[in-house]
Amino acid sequence: MDEATIAEFWSRHGITTPRAPFLVEPAIIALDSAHHVFAEAFDNAPEPKETSGMIRCALENLSNRLYEQAAGMLVCLGTGSGAAAETVARTVIEGAFNLQFIVSKDHEARLFAFFYQYLKEHDRKLHEWQQLENTKTQTPEQMEVLKAITERVSALQGMSDFVKSLGKGLGFERAETVSQHWPSSLFKRCEQMDKAGQYLTSYHRLSSSSHINAEETIRWLFGTYYSAIGRDARLPEKLSLETVSYSAMMTRIAVAHYIEANIVTCRALNTKHEEVSLQKTMIQLAKSIDEIASDAGSPI
């Protein structure tokens, strides 16, 4: 079963010879086994109200987007791009936090608050861009830019009208009625879910890759220097092993967040899912994280 899952994953992504597959495969098994369970659960979700189908479709779309990012993350790791895998892992974890926040309480209101927040922020950015372009010399090329912005503003208005019409079906007559359900920062959303610790560790710790900050450059200089002066000729090799192992560990942690968020989603939709199977998957995944933690430089 596990071997078939792994083989199908590599084949689906056109990878015939993955690099260091032992680093990736525990996460592949967990991700694809869980995804199969969740796909079946969404298909069988009850729809007690006229609006239930729309809510299910929206949450299923968020879940599937999260799965696609997680699969891409493992493709990066399996093709030797550990830094890229870490960057995508941060996206997976943020998406999992947001999905879990939506479904953990008042999921209909939080879902529409999530929609309204996007529409509000994107409208603000478009108008800021429009104001900036209006300060420039109005050449024919500049007029084309302004025309494109206007068209985008119009398209966004159509999207906003569509979302508002859906919201009215749930009793959300105005965006203001649900906007308080969406805290302004991810950290605040994590605090409400008692996940501030995970935010400060598994999410924030991935800033090095996603923001290309100074950490890895300092580590590289550190290893190169101590090797050059003869203090530890193998230090660059040791640091490289730690870096790659850390990337692998973080992808497994990201998959764990994906699974947890989807379990809470299934509960919010009151849909049956294979809890025993998911428990087994999570236990195996946790074990694989513990096994690689030392090589990844994580304290016991």
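User: Which residues in H1 meet H3?
Analyst: This is a predicted model. In H1, Phe9, Trp10 and Arg12 make the contact. Their partners in H3 are Tyr67, Ala71, Leu74, Val75 and Gly78.

User: What classes of residue are in that contact?
Analyst: Six are nonpolar, one is polar and one is charged.

User: How do the axes of H1 and H3 cross?
Analyst: They cross at roughly 90 degrees and come within 11 Å. That makes H1 roughly perpendicular to H3. H1 covers residues 2-12.

User: And H3 itself, how many residues does it have?
Analyst: H3 has 27 residues, 52-78. From first C-alpha to last, H3 reaches 39 Å, close to the 39 Å expected at 1.5 Å a residue.

User: Is H3 mostly covered or mostly uncovered?
Analyst: Mostly covered. Of its 27 residues, 19 are buried.

User: What follows H3?
Analyst: Glycine 80 does, with a positive phi near 85 degrees.

User: Switching to the whole chain. How many helices and strands?
Analyst: The protein chain has 13 helices and zero strands.

User: What box do the C-alpha atoms fill?
Analyst: Roughly 65 × 60 × 40 Å, along the principal axes.

User: How much of the chain is buried?
Analyst: Buried residues are 43% of the 300 in the protein chain. The accessible surface is about 16500 Å², and carbon and sulfur atoms account for 55% of that surface.

User: What about contacts between residues at least 24 apart?
Analyst: They make up 75% of the contacts between residues at least 6 apart in sequence.

How values were computed: Residues are numbered from 1 along each chain as its sequence is written. This is a predicted model: local features need pLDDT of at least 70, side-chain atom pairs count only at pLDDT 80 or more; totals for chains, interfaces and linings use all residues. Side-chain values use heavy atoms; hydrogens and water are left out. Helices (H or I, at least four residues) and strands (E, at least two) are DSSP runs, numbered from the N terminus. The expected span of a helix is 1.5 Å times one less than its number of residues. Buried means under 20% relative accessible area, exposed over 50%, partly exposed in between (1.4 Å probe, protein chains only). Axes are lines fitted to C-alpha atoms, for helices over the stretch in contact, and angles run from 0 to 180 degrees between N-to-C directions. Angles under 35 degrees count as roughly parallel, over 145 as roughly antiparallel, 65 to 115 as roughly perpendicular and the rest as oblique. Contact means heavy atoms within 4.5 Å. Ala, Val, Leu, Ile, Met, Phe, Trp, Tyr, Cys and Pro count as nonpolar, Asp, Glu, Lys and Arg as charged, and the others, Gly among them, as polar. Accessible areas come from the Shrake-Rupley method with a 1.4 Å probe; for residues, only the protein chains shown count as cover.
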